[in-house]
Every structure is written in C-alpha cells, then in structure tokens.
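The following paragraphs lead the reader through one protein structure, from its overall make-up to selected details. Please keep the sequence and the model in view while reading.

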Amino acid sequence: MKKLTDIVSAFTKGIARSRVSLVGAMVVTAVFPFLFGAILYDLTAHIDNTYMAALIYMILGPAFIGGLVLVFLGLFFFKGKEEVRLFTMDYLRDFFTDPTKFNKMRKLVFFAVFLTGVNIFIMGLLAYRGYHYMESNGFCGQFCHTVMNPEYTAYQNSPHSRVNCVECHIGSGATWFVKSKISGARQLAAVAFGTYPRPIETPVHGLRPARDTCEECHRPEKFHGDKLVIRDKFLDDEENTHVQSVLLMKIGSAGDRTTSAHGIHWHVAPENKIIYKAADWQRTVIPEVVLQQADGTEKVFRTRTDSEIEHADVREMDCIDCHNRPTHIYLPPGRAIDNKILEGKIPSEIPFIKKKAMEVVQKEYATQDEARTRIATDLTAWYKQNYPEIGRDNPEKLQKAITGIQEAYSENVFPEMKIEWNTYTNHIGHTEDFDFSIGCLRCHNDMHETESGEVISMDCDTCHLVLAQDEEDPEVLRTLGGGY
C-alpha cells in the first residue's frame, strides 16, 4: 500500500511541477465522474434528450480528452513556466544509468500504463456512444433546431419516417462518412454565424447517388403492372362535399421480370440511359434531353430555344428527378387540409370548414406562434358571428377543428425559415391543387424535339388513365367494390 502511495505521490508531484499538467489534471478530475456516469447511464437507460447528449459527447468528451493531452504535454515536455524538457539522450541516459531514478521511473511507467488503460477504456466508450449519437435522428433533426425543424417535422410525417436519416444521407464506407462530416462541419459553421440560406436550397447537389440510396429498399426492375390511386378532396361549399379522383397509374417496369421496360419506370431501365441538362439549380428548366439506347444509338431532344444549353448542368436521370420529395414532404394547403379532414382531426360536419380553413392558413404570419393565435381567433370570431350555435352547442368540435387546422399549417409552413406554402414543389405528377407544379412537364411538353422532328410525348395516357375526376361516389369505385 505504501509503495502505491509513493507512486501516486511521485506522479502527483510530477504533475504539480508543470502548470500545463496541473490545469489538465484539474479538467480531467472535474469531468471524469460526470462523463463516466453519463456514458454508463446512456448505455443502460438511453438518453433521449438530444441537448443533454450533446453536452456529454460534444462538450464533456472533448474536454476530458483535452485535459489528458495537457497532462501528457506537461509531464513530458514542460516543466514549470519557462523551462522546456525534451527526451534528449542525456535525459534518458541519466535515468537508465542511475538505479534509484530507474526504479522510480519504472514504477511511474507502470502507474502511467494503468491510467492509460483506464483512459483508453473511457475514450472507447466515448467514441462508441458519441458516434451513434451523431448518427441519430435526434442529432440530425433537433440539434440545430431552427434550421432543421422544418425538415425534421416533414420527415416525421413522411412515409420514410421509420428510416434513419443516415441511411439515406450517408453512404456506406469511410469515403461517404468523411464527406458527411466535412459537410457537417461546414453546416455547423453556417449555423454558428447565421449564414445558412433561408429557406434551405433544394435539391441538395452533394448527396450520395440516389440509386445507391433508394434501391437498397426499392427495386424498380421488380415493379410491374398498374396501380389504382384514389385522391380524396373536399369542396369549399357549406357541406364540405367529399369528392374523389381515381387514376390508374401505369407503374410499368424497368425490365427483369417482364419482357421489356415500359410505363413510368421505363425511365430508369438498364437498357435506357437518360442524360439531361438543367439550366437552373432547381432542375426545372431542361433545355436538352439525351436518350442513350441499348443498341448504342442516341436521340437528342432540344427545346426550340436552346441558348441556355452551353452553361447547363449535366446529370443522369435517376429516382430523385421525379421523387424529389421522398421524405421531406411539404403539402400544398388544399392537400394538407383535406388530409386532416380525412384523419378526423377536422370535423367535416362543421359548415364551410374547408373554405374557412383555406382562408386562414393562406394568410401571412410572421411566426408559427402568431399563426396559431390568429387562426384560433379568426375562426372563433367567424363562427360566433355566422353559426353561433356551433360555439354554443359544440365548442369541443370547433376547438378540435381549430387544432387540426393549426397542425396543418405548422407541419408545412415555417415563416422563420421563409418556408411558405409551395416553397418546395413536388415533381411527382404535374399539378398540386391550386398551384401548378410542372413535374413531368419539364420534359413531356411537346417542346423537346430531335433534328428529325420526333418530340417527347405529352400524351396523358402514357403514364395514367383518369377513371374519375372530382366525383361524388364515383361509379368506378362502386363497380370495383372491395371497400373502395
């Protein structure tokens, strides 16, 4: 016991001789118990609060490692305030030839190795849990709250809400990991200095190739046949009339199980390669499309005014060119309100609720808090004046409708980030309620023509058949039956 005390005492005196080591030791001593306890708790019970996890892995962790570095530098390189001590031959010869100093050094080395082992164990836990924290959805979506709140909110309401962010944004292997962290450091600096764009520009040109991402789960060569799509809509009359559109989408195939590629997924078939030039960042202005066929021939389609081709961005078509909002989906106002009515969050029995909802959500508000307050105030006042019996006999129903309308707004509009209705358009299809989204019509517009006069078709039946358009109780659904 006395030997151990002597070793610790000698080690402590060595640290105390250097102010650098002393500062490092103080940091390590202060941080260690909190850091070790927090890591153990995270391993066993899991810390859900992303800001608490950030304190542990982005502040306490680096502070602990920095303290250890200071201890090392002070012990072996700095002695006192001015004197610098390096591993010179004279310094080493003095210790290894003097038995007393050698024995003392040996004991100190053993103790240092023990402490190093403990520190390596702690840093291993820190690195393991820190890595997983920085790959978590909470870190991606909540750490930079103001910036990422719109994207995180849209992600949580999307069909891919159970797919972790990193599975799409970060590819496998060290290359993509390093790219993502370099990009993340640049984004962190932008957040710190407030230089990030408002709204975030899309599409993000630096993402990993879309087919490497999407086709880990989706295999277009296995898609075939047609798909029945039913779109529900509520009119802005007093009864909020429920109408439906029925489309038969020609999903088609990219080959493999069928004899040849056809339908919508023909665009990503192995035997076809489509390369286009985009004249703008959003890839909505496309002056040239090149189709490379399996037999080696090419067809070059250009618009009649091709002055923008020279400086256009060249890109091979993939999933994201149509599915440009696969996860971070922002709905247009009509679709957002209709969905809340279908979900039962906005009671359709309230007269003119669709019309009034559309009016209040499309007003301009400075913040989401202001929007929630004014939506509630305006709707309450209007129904009190025009349908007082609703507020008198069914106040809970009116309050439920107000809450649903507030949700529809707050899930899609973020004034602080300058995201309004239809700031981000969806290229699936070519119309979005009251606002026109060109989508397919970027290329399928009868304006892209080859030198021989062949044009990219604009025929609606190429991709779908319209079986019903805004009809009450469509006959086609009654014919099909089966719960439609």
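A residue is called buried when its relative accessible area is under 20%, exposed when it is over 50%, and partly exposed in between. The model discussed here is predicted.

The wider setting may now be described. The protein chain contains 16 helices and nine strands. Of its 484 residues, 35% count as buried. The chain exposes about 28,000 Å², and carbon and sulfur atoms supply 59% of that area. Among contacts between residues at least 6 apart in sequence, 65% join residues at least 24 apart.

Side chains of opposite charge can pair when their charged atoms come close. The structure holds 20 salt bridges. One of them joins Glu407 and Lys345, whose closest N and O atoms are 3.4 Å apart. This pair, too, links distant parts of the chain: Glu407 is in helix H15, while Lys345 is in the loop between helix H11 (333-342) and H12, 62 residues apart. Glu407 has a relative accessible area of 26% and is therefore partly exposed; Lys345, with 34%, is likewise partly exposed. Both residues take part in a network of salt bridges that links Lys340, Glu343, Lys345, Glu407 and Glu411. Another salt bridge joins Asp473 and Arg478, with 3.3 Å between the closest N and O atoms.

Helix H13 (residues 368-386) illustrates how a helix can be read. Its 19 residues, at 1.5 Å a residue, should span 27 Å, and the end C-alpha atoms are 27 Å apart, which agrees. Which residues of H13 are buried? They are Gln368, Ala371, Ile375, Leu379 and Tyr383. Seen down the axis of H13, these buried residues fall within an arc of 70°, so they line one face of the helix. In general, an α-helix has 3.6 residues a turn, so residues three or four places apart point the same way. On the other side of H13, Asp369, Thr373, Lys384 and Gln385 are exposed. The cover over the buried residues of H13 includes helix H12 (353-361), helix H14 (388-393) and helix H15 (395-410).

Gln368 counts as buried because its relative accessibility is 11%. Not counting residues up to four places away in sequence, Gln368 touches Tyr409, Ser410, Val413, Phe414, Pro415 and Glu416.

The last stop is helix H3 (residues 50-76), in which Ile59 lies. Together with Met52, Leu55 and Met58, Ile59 makes a nonpolar surface patch of about 330 Å². Ala63 is also found in helix H3. At 28% relative accessibility, Ala63 counts as partly exposed. Leaving aside neighbours within four places in sequence, Ala63 is in contact with Val27 and Val31. The C-alpha atoms of Ala63 and Phe32 are separated by 9.6 Å, with the two residues 31 residues apart along the chain.

Note on methods:
Residues numbered from 1 in each chain as written. Predicted model: local features only at pLDDT ≥ 70, side-chain atom pairs only at ≥ 80, totals over all residues. Heavy atoms only, no water. Patch = residues over 30% accessible without salt bridge, like charges linked within 9 Å, V, L, I, M, F, W, Y side chains within 5 Å. Areas by Shrake-Rupley, 256 points an atom, 1.4 Å probe, with all protein chains shown as cover. Salt bridge = Lys/Arg side-chain N within 4 Å of Asp/Glu carboxyl O. Helix = DSSP H or I, 4+ residues; strand = E, 2+ residues; numbered from the N terminus. Expected span 1.5 Å × (residues − 1). Buried < 20%, exposed > 50% of the residue type's maximum accessible area, 1.4 Å probe, protein only. Arc of directions from axis to C-beta. Contact = heavy atoms within 4.5 Å.
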